[in-house]
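Subject: Structure handover

Hi there,

Here is the structure I promised to pass on to you. Have a look at it first, and then read my notes below.

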Amino acid sequence: MKKVVLLAVFALATVVTYAGGYRVSLQGNKALAMGHTGVAVVNSAESVFFNPAGLVYLENKLSISAGVSGVFSTVAYQNEALGTYAETDNPISTPLYLYASYQATDWLAFGLGIYTPYGSTVEYEDDWAGSHLVNSIDLQAIFIQGSVSLKVNDKFSVGGGPIYVTGAVNFNRNLSRSLTDLEGNRSEVTIDATGVTNWGWTAGFMFNPTDNLRIGANYRSEIILEAENGDADFENVPNSPLTPFVDTQFDASLPLPAELTVGLSYEFCEKWTFAFDFNRAFWDVYESLNIDFANPQVPDSENLRNYKNSSSYRFGLQYDVTKMFTLRAGYYFDETPVRDGYFAPETPRNDSNGYTAGLTVNVGEHFQIDASFLYLHFKEVDASYDYYFDQGVRAPFSGTYKSSAFVPGLGVSYKL
Amino acid sequence: MKNTINICLGLLAIGFVSCEPEFDNPVNEEGFYDSGSADFSNYVAVGNSLTAGFADGALYITGQQNSYPNIMAGQFEFAGGGEFTQPLVNDNLGGLLLNGTQIADNRFVLSVGPDGNRAPVLLEGEPTTEVTNGPTGPFNNMGIPGAKSFHLAAPGYGNAAGILSGAANPYFARIATSANTTVIADAASLSPSFFTLWIGNNDILSYATSGGVGVDQTGNIDPSTYGPNDITDPNVFASVYSQEVDALAASASGGVLINIPDVSSIPYFTTVPTQAIPLDAATAAAVNSQFALYNAQVLPGLVAAGFISQEEATARMINFSAGQNFPIMTDDDLTDITPILIAQGIPADTAALLGQLRQVNNNDLIVLTASSVLGTQANPDIPNSIIGVAVPLGDQFVLTGVEQGRVATASAAYNATIQGIAGSKDLAFVDARAALRQVAQGGVAYNGGVLTSVFATGGAFSLDGVHPTPRGYAFTANTIIDAINAKYNATIPKVEIGNYATITLANNAPTQ
């Protein structure tokens, strides 16, 4: 009963809002404020996600970080030749995280993380110009990760652990560009899968050649989400053997790609830290989104994606202003995995620039408040999805897209 | 803490409103599209069933919503277009009631039989559109199904009392502002800022669809004497057409005149093949033997006696062979030899059979409705009373070459008038005849397909074989928008015709 696949598929669709495919790169307010760097940064339990190898270098017996982001994202679409216009009306999504790290011995630390690196909602106006590709998508995925961090010596550590994913997806689109029932209501399908689960893993190392310099690398495995026996609900279908769309079950699979991050952090002038991460996501695994309906009369749905591997480049800076305040800022460039001609409105994602800032306020000795802000900017882009077929004839869906996202985040850290 | 988060998020959200993505040149911003020298604030469309959005043999809501004027009005909104009102009927069945009695059939839908055969059938259901209880006009869409050119200017055409006698039109009676008003008067009372006029199709089409059973009234300038299936005199057409254009143009910044397509471009006339009768060699020989005397003696005798020409005798020869055959038919343009044959002692029923008999030929067009008649038994009790083989196909099922000639002559005259008036009154002109011929001959490519006039599957024509589908109407709207943009230096965007539906699929009974 691994229903993960579909989830993954639709997760892809949510790419719009965030970095990388359907990734939602909001896994820590401290890291996000520094351009979502962190593979070579040691400052909180956020390392559970960014690089478990760093946990063992945390100075406290117990470190806990938790936080939430509010994602305000909009995608606008228009086609000048046709006068069509659409703007998503996405509900605010709130990715969460909770990390805890426990220093068992001088050389061994354990970590636990719960986070939501995939998950979003994209809602276009019903029956908009691209409704044959997507009306709405709602993806929720929760990752639960256990970690072990081992210090080999003061300069080198390793860390990693298993990841358990549980997710749900709901996706709606119209069956074609023009099919309606007798009253003119567009025929549509909603597929829904919950409790889609699967396992993956993460592993990394950290190397500290000097007191000021850390180098880190972290690999997160591919997780294929396979939805089985999800519910497919067909509405407004004409009463005709020529449109044999009846409610049925479906199978689908969606890959969450593997990713490799390498980076460094460097402390200078006592109060400053610079961090750089290079991230490579192996999106080429996402070739096609195929929905296999259980009822043999219902035609299966094949949607070419043909993603390519993509890179992102992340830069962050931290400044300890006083004992009480720490300021952070960052920038990242995120390359799209979407090739020309494969630009689908469920994943209307071109290259993006992320600008981040944030601060930490120390409240007493044990407690910190972390705030961050991300503005994700996409250039206006003319793009098309060329692999939609209307009764076997290619019918590209093209237009101009512009997207942006504003993501304020707030979190707390506790150290004992 | 949770409250703090909410407050912070809320404050930030307020700040973000101004940060939503905005295009460099948003299409929904005023000024992106230009109306040129035209004013679309009050667009009025006048015409017949095509303007009304009639399809599948009926007028129903979704058909009206996909009428070409409504599609155009939607695009006009990008450049100053105003509200566009339509006299929507009550349901998607399409039938009409007059004082509770159904006077017009429901729409056709494509049904699949238990054997897998696909055929148009009437959608079942009780229609709810009562002619005597309609909304009161005028409406921006003044397309009146069935109207001919002179009807638009005929007082009383909307008088419900005249419907059953044929003097009035139920679709106009439903919305007419008074019993004695005219379509043009109601339309002109809206003081259109822009108009389209597409009228004259029925002035030839009812003759053509009825297989030429009407009369070519060319030379008769009194339309009150015309029958419903007659061809309108071109001078009558020119006269009323000019008046109608003047009435609509009086207040308008501009307008569009649309000409009349060829009947041979529409599937009602091109779907049933002329060689519709399959016979094996034995049957063909048997049938031929029935006509041996007629071919060898009767026809030469009539020529010798001077009743018919040799040319007519040749045309009247009957000959079947193994394979696909032309059916036999009644042609009212042939000399009626019934009385001559009776005088020669031939039994009356046989004489009547042979009276205006010939075989269909390649110059004829068999109409769509003949498909349910051809090859069936004229008399259920007589197994060999096969229509097209032993019993002639009725004249109303065949538009002969001669009849086509009359249609072509009249429509050429109408079209010359339309184009001439467009020129003299400086209005946009749309050559719908050329556009439709393109659809019929090879088709018109669009994003995701090719629009053709092949019946049921071509995408352009609805199941009545005469009226367009929503996709066909969208193509029409684009064609007209092209002409408007060219004439008035406007930049109205066209529509994606692949997003418009074609024929409607529905089985009356639930499927498994």
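Two residues are taken to be in contact if their C-beta atoms, placed from the backbone, lie within 7 Å. Please keep in mind that this is a predicted model, in which local features need pLDDT of at least 70, side-chain atom pairs count only at pLDDT 80 or more, and totals for chains, interfaces and linings use all residues. Residues are numbered from 1 along each chain as its sequence is written, while chains are lettered from A and ligands numbered from 1 in the order in which they are written.

**Where the chains meet**

On that contact rule, 37 residues of chain A touch 39 residues of chain B. Which elements of chain A give two or more residues to this side? They are strand S2 (72–79), strand S23 (393–394) and strand S24 (397–415). S24(A) gives the most, with 7 residues. Helices (H or I, at least four residues) and strands (E, at least two) are DSSP runs, numbered from the N terminus. By class, the side of chain A that touches chain B holds 16 nonpolar, 14 polar and 7 charged residues. Here Ala, Val, Leu, Ile, Met, Phe, Trp, Tyr, Cys and Pro count as nonpolar, Asp, Glu, Lys and Arg as charged, and the others, Gly among them, as polar.

**Chain A**

Chain A has 3 helices and 24 strands. Its C-alpha trace spans about 70 × 45 × 35 Å along the principal axes. For 416 residues, a compact globule would have a radius of gyration near 22 Å, and chain A agrees, with 22 Å; the radius is taken over C-alpha atoms, and the globule rule is 2.2 Å times the number of residues to the power 0.38.

Of those 416 residues, 56% count as buried. A residue is buried if 20 or more other C-beta atoms lie within 10 Å of its own, exposed if 12 or fewer, and partly exposed in between, with C-beta atoms placed from the backbone. Among contacts in chain A between residues at least 6 apart in sequence, 70% join residues at least 24 apart.

S2(A) runs antiparallel to strand S3 (residues 84–87) of chain A, joined by 4 bridges; two strands pair if DSSP finds at least two bridges between them. Ala76(A) has Glu87(A) in S3(A) as its bridge partner. There are 4 residues between the two strands, and Gly83(A) takes a positive phi near 75° in this hairpin.

**Chain B**

Chain B contains 17 helices and 18 strands. Its C-alpha atoms fill a box of roughly 105 × 55 × 45 Å along the principal axes, and buried residues make up 50% of its 512 residues.

How is chain B divided? There is a domain 1 (43–270 + 403–499) and a domain 2 (277–359 + 365–399), with bounds from an automatic or database domain assignment. Their C-alpha centres lie 37 Å apart. Between them, 13 residues of domain 1 are in contact with 8 residues of domain 2. On the domain 1 side, the elements giving two or more residues are helix H7 (201–209), helix H9 (267–270) and helix H15 (401–424) of chain B. H9(B) gives the most, with 3 residues. That side has 5 nonpolar, 7 polar and 1 charged residues.

Chain B also has an open, parallel sheet of 5 strands in the order S7-S1-S8-S9-S16. Strands S7 (141–143) and S16 (428–430) of chain B stand at the edges with a single partner strand each, so one side of each has no neighbour in the sheet. On average, neighbouring strands of this sheet are turned by 15° against each other, direction ignored. Within the sheet, S8 (residues 194–198) and S9 (residues 254–258) of chain B pair in the parallel sense over 4 bridges, and Thr196(B) stands opposite Val256(B) in S9(B).

Helix H4 (residues 68–76) of chain B lies across S1 (43–47), S7 and S8 of chain B, at about 165° to S1(B). Axes are lines fitted to C-alpha atoms, for helices over the stretch in contact, and angles run from 0 to 180 degrees between N-to-C directions.

Is Gln377(B) buried or partly exposed? Gln377(B) is partly exposed, because 14 other C-beta atoms lie within 10 Å. Beyond its neighbours within four places in sequence, Gln377(B) is in contact with Ile382(B), Pro383(B), Ser385(B) and Ile386(B).

Best wishes
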